[in-house]
Amino acid sequence: MTTTSAPAITPIHVADLTVEGEVMPVCVHRIEHPEARVLVDTGMTEVHPRAAAMAPRLRPLSEQALDLDSIDIVINTHLHGDHCGGNHLFPGRPIYVQRRELDDARVNDEYIREWVDPPGVNYVPVDGELELLPGLRLVPAPGHTRGTQIVVIEIGVRPTIVAGDVAVWSGELNDPQTEGQRAVRALNPDRVWLAHEHEPWTGPPGLPQTAPT
């Protein structure tokens, strides 16, 4: 730990998707770090035909009370359309993504390639772990995609994590099944912010939330 106070993390609700009859929020997360203003994922700004079946209701960043010019760094946890569809709003800004994820997104039909590589995007490929800012590091967490990464904020005794789709809903972290979910649990986080939940996961029901000794 090298910073003295925990950066503020603000979820920003940018869309709703309907999946199996249930409405699922899409949230991105702004991190107010002492050295930079960071945005984790960028949501969507339009409806793509491949996503139309999920009846997206959009609240794009470009129409919210967020000063886009104030964002210094963008991080993509992965490059599915609901996480990178606003990357074009940040031309020239560094966008950190795992190299494996970027390589997959450019060849795999699972991704919306025109949203992955819009004009002006400036990707910084990452190979494995990276301390991006003091007390803030990127950690691979494969499972949802091969190149998924999480943002680990190591302030205080226990870290806070911004995890994208490592778990699509909080309950998945109670019984971790993927390499990424197990990596999150191994860090013993104080809380985990997910892209499709409004509130952070803070541990399995009944587990005392105490610092390790």
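Me: Which residues is M44 in contact with, leaving aside its neighbours within four places in sequence?

Reply: Contact means heavy atoms within 4.5 Å. By that rule M44 is in contact with L17, A51, P56, L58, P60, G81, D82, G85, G86 and W115. This is a predicted model, in which local features need pLDDT of at least 70 and side-chain atom pairs count only at pLDDT 80 or more, while totals for chains, interfaces and linings use all residues. Residues are numbered from 1 along each chain as its sequence is written, and side-chain values use heavy atoms, with hydrogens and water left out.

Me: Where is M44 found, and is M44 buried or exposed?

Reply: Helices (H or I, at least four residues) and strands (E, at least two) are DSSP runs, numbered from the N terminus. M44 sits in the loop between β3 and β4. Buried means under 20% relative accessible area, exposed over 50%, and partly exposed in between (1.4 Å probe, protein chains only). M44 counts as buried because its relative accessibility is 2%. Between the C-alpha atoms of M44 and V139, which are 95 residues apart along the chain, the separation is 24 Å.

Me: Which residues other than glycine have a positive phi?

Reply: D41 is one of them, with phi near 70 degrees. D41 lies in the loop between β3 (36–40) and β4 (57–58), and is buried, with a relative accessible area of 2%. N188 is another, with a phi of about 50 degrees. N188 is placed in the loop between α4 (179–186) and β12 (191–193); at 31% relative accessible area, N188 is partly exposed.

Me: How many residues does the largest nonpolar core have?

Reply: A nonpolar core is a set of buried Ala, Val, Leu, Ile, Met, Phe, Trp, Tyr and Cys residues joined through side-chain atoms within 4.5 Å. The largest one has 28 residues, and L61, L79, F90, V116 and Y123 have the most contacts inside it. At least two residues of this core come from each of β1, β2 (22–33), β6 (94–98), α2 (99–105) and α3 (113–116). The most come from β1, which gives four residues. Beyond four places in sequence, V116 touches L79, C84, L102, A105, Y111, V121 and Y123. Another core lies apart, with 18 residues, including A36, V40, L136 and V151.

Me: Which strand pairs with β9 in the antiparallel sense over three bridges?

Reply: Two strands pair if DSSP finds at least two bridges between them. The partner over three bridges is β8 (residues 130–133), and L133 stands opposite L136 in β9. Two residues lie between the strands of this hairpin, where G135 takes a positive phi near 80 degrees. β9 also runs antiparallel to β10 (residues 149–153), joined by five bridges, with P140 opposite Q149 in β10. Of the five residues of β9 (136–140), four are buried.

Me: What is the volume of the largest pocket?

Reply: On a 1 Å grid, a pocket is an open set of points where a 1.4 Å probe fits, with protein on both sides within 12 Å along at least five of seven lines; lining residues have an atom within 4 Å of a point. A volume is the space filled by probe spheres set on the points, which are joined across faces, edges and corners. Here it is about 320 Å³. The lining has 18 residues, with A51, M54, H80, G81 and D82 closest to the centre. β1 (8–19) and α1 (81–84) are the elements that give two or more residues to the lining.
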